[in-house]
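Student: I have a structure open beside its sequence, and I would like to learn how to read it step by step. Could you take me through it?

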Amino acid sequence: MVSYRFSQRTSWDVGESGFAKAIREARESGRSLIDLTVSNPTMCGFTYDAEAILRPLASAAALTYNPESLGVRSAREAVARYYGDHGANGDPDAVVLTTSTSEGYGYLFRLLCDAGDEVLVAQQSYPLFDFLADLEDVHLKSYPLFYDQGWWIDFAELEKRIGPRTKAVVVVHPNNPTGHATGIAERQRLEEICVRRGLALIVDEVFLDYPLVEERLRSFAVGPHPVLTFCLSGMSKIAGLPQMKVGWIVGLGPEQVRRQAMGRLEVIADTFLSMNAPVQEALPGWLAGRKGIQGQILERVRGNLGLAQRSGVEVLRVEAGWSAILRLPQMEEGETAERLLRDAGVVVHPGSFYGIPESGRLVISLLGPEGNFQEGLERIVQARKLNHTSY
């Protein structure tokens with residue numbers, strides 16, 4: 001057999017984890033499982049306006065290849081209007097269309113980093129960042145969020161972890177899975193640090209339209225912008241359309257450096273070619289119709305959060321997004337998730353999946369149908385009663 005040597009950047013452990021194996025075997029055995037990790041909106045029983053979503057894909061304009069590096073102007077204008085609705089001065093020339101926020105991260109890591117450079121990311125975050133950084137030969141360094149009646153950025157630790165090869169700070173606003181929304185004071189502190197240390201700010205705002213508190217979330221696209229800032233978002237969350245593969249980058253900051261960055265981003269985007277024409281033609285209509293699905297999702301996640309908060313299980317404060325963190329103390333979090341699967345037939349994510357170091361933290365999705373969600377909570381509560389000395 002011929003032996004091949006693959007790149008070190010893809011030397012991940014791709015084997016099935018013990019927890020994933022246990023879930024697979026439980027499903028294969030025919031057990032009735034309640035999955036509290038489902039986060040795909042197209043599989044959660046929402047009502048989509050199929051005609052309005054699919055009709056624009058048949059536009060005759062899509063038959064013409066118009067390879068604009070940043071994306072066709074009508075689509076970028078629609079993104080600019082979206083930010084205008086959030087109070088920003090939307091500029092279509094500041095928008096770069098991508099097929100996903102993941103691709104957007106790839107563009108920005110190429111723009112800002114040489115191989116071996118570093119990017120700071122909050123420790124409690126979605127694990128996708130590790131793979132994206134590996135593929136671009138970028139090293140991730142974590143900075144912690146801490147919990148004290150809510151989530152906060154540990155700025156002292158963040159500053160300690162800035163080194164000579166640090167090029168950017170990533171902020172997920174609001175964070176997944178903590179639901180932490182970056183407040184004005186925290187934003188100003190981040191910008192001050194980035195200005196002083198010569199760092200760019202990358203802000204992932206995919207959950208911006210899903211506040212779970214009364215205050216409306218403020219986009220980083222709203223000025224002023226004393227530091228080079230890139231806002232990322234896309235249709236996966238904004239319109240509940242992950243299958244359409246639409247994302248974007250908005251470049252902001254002091255004009256001279258922003259122009260330099262946008263010029264380089266245009267070359268990167270041109271190298272990888274613009275996204276497919278039917279989706280670009282459809283984007284203005286999809287964005288214009290986003291409120292319908294957003295209303296359904298907000299009603300669902302707020303209702304499920306209320307059920308969780310009234311269930312008797314401790315729910316850490318969440319300000320926005322589609323997830324919640326449960327606190328079930330006295331056990332290691334991986335063991336807790338495995339026991340709930342075994343004893344209660346409930347699938348949850350252990351906190352360690354998101355880099356949460358404290359034991360007894362479980363992450364659930366608030367997106368699933370209410371009846372299914374409530375039954376899952378009831379099974380968790382019953383399991384705690386039956387195993388009160390262990391949970």
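Student: Which residues have the most contacts inside the largest nonpolar core?

Tutor: In soluble globular proteins, nonpolar side chains tend to be buried together. A nonpolar core is defined here as a set of buried Ala, Val, Leu, Ile, Met, Phe, Trp, Tyr and Cys residues joined through side-chain atoms within 4.5 Å, where buried means under 20% relative accessible area, exposed means over 50%, and partly exposed lies in between, with a 1.4 Å probe and protein chains only. In this model, which is predicted, the largest such core has 99 residues, and Val169, Met235 and Trp248 are those with the most contacts inside it. Helix α11 (residues 290-309) gives the largest share of this core, seven residues. A second, separate core holds 29 residues, including Val121, Ala200, Leu232 and Ile268.

Student: What should I keep in mind about the numbering and the model itself?

Tutor: Residues are numbered from 1 along each chain as its sequence is written, and side-chain values use heavy atoms, with hydrogens and water left out. Since the model is predicted, local features need pLDDT of at least 70 and side-chain atom pairs count only at pLDDT 80 or more, while totals for chains, interfaces and linings use all residues.

Student: How many helices and strands does the chain have?

Tutor: Helices (H or I, at least four residues) and strands (E, at least two) are DSSP runs, numbered from the N terminus. By that reading the chain has 13 helices and 15 strands.

Student: In what order do the strands of the open sheet lie?

Tutor: Strands of a sheet pair through backbone hydrogen bonds, either parallel or antiparallel, and two strands are taken to pair if DSSP finds at least two bridges between them. Here seven strands form an open sheet in the order β2-β10-β9-β8-β7-β3-β4, with mixed pairing. The edge strands, each pairing on one side only, are β2 (95-98) and β4 (139-143).

Student: Where can I see the parallel and the antiparallel pairs?

Tutor: Begin with β3 (residues 118-122), which pairs with β7 in the parallel sense over four bridges, and where Val121 stands opposite Val170 in β7. Strand β7 (residues 166-172) is also parallel to β8 (residues 200-204), to which five bridges join it; Ala168 stands opposite Ala200 in β8, and Val169 has Leu201 as its bridge partner. Next, β8 and β9 pair in the parallel sense over four bridges, with Phe230 in β9 as the bridge partner of Ile202. The antiparallel case is β9 with β10, over six bridges, where Cys231 stands opposite Val250 in β10.

Student: Which residues of β9 lie on one side, and which on the other?

Tutor: In a regular strand the side chains alternate between the two faces of the sheet. For β9, both faces are covered: Thr229, Cys231 and Ser233 on one side, and Phe230, Leu232 and Gly234 on the other, are all buried. As for β7, six of its seven residues are buried.

Student: Why does Gly198 count as exposed?

Tutor: Gly198 counts as exposed because its relative accessibility is 61%. This residue sits in the loop between α7 and β8, and although Gly198 and Thr166 are 32 residues apart in sequence, their C-alpha atoms are 9.1 Å apart in space.

Student: What can I say about the chain as a whole?

Tutor: Buried residues make up 51% of the 391 residues in the chain. Among contacts between residues at least 6 apart in sequence, 75% join residues at least 24 apart. The C-alpha atoms fill a box of roughly 65 × 60 × 55 Å, taken along the principal axes.

Notes:
Contact = heavy atoms within 4.5 Å.
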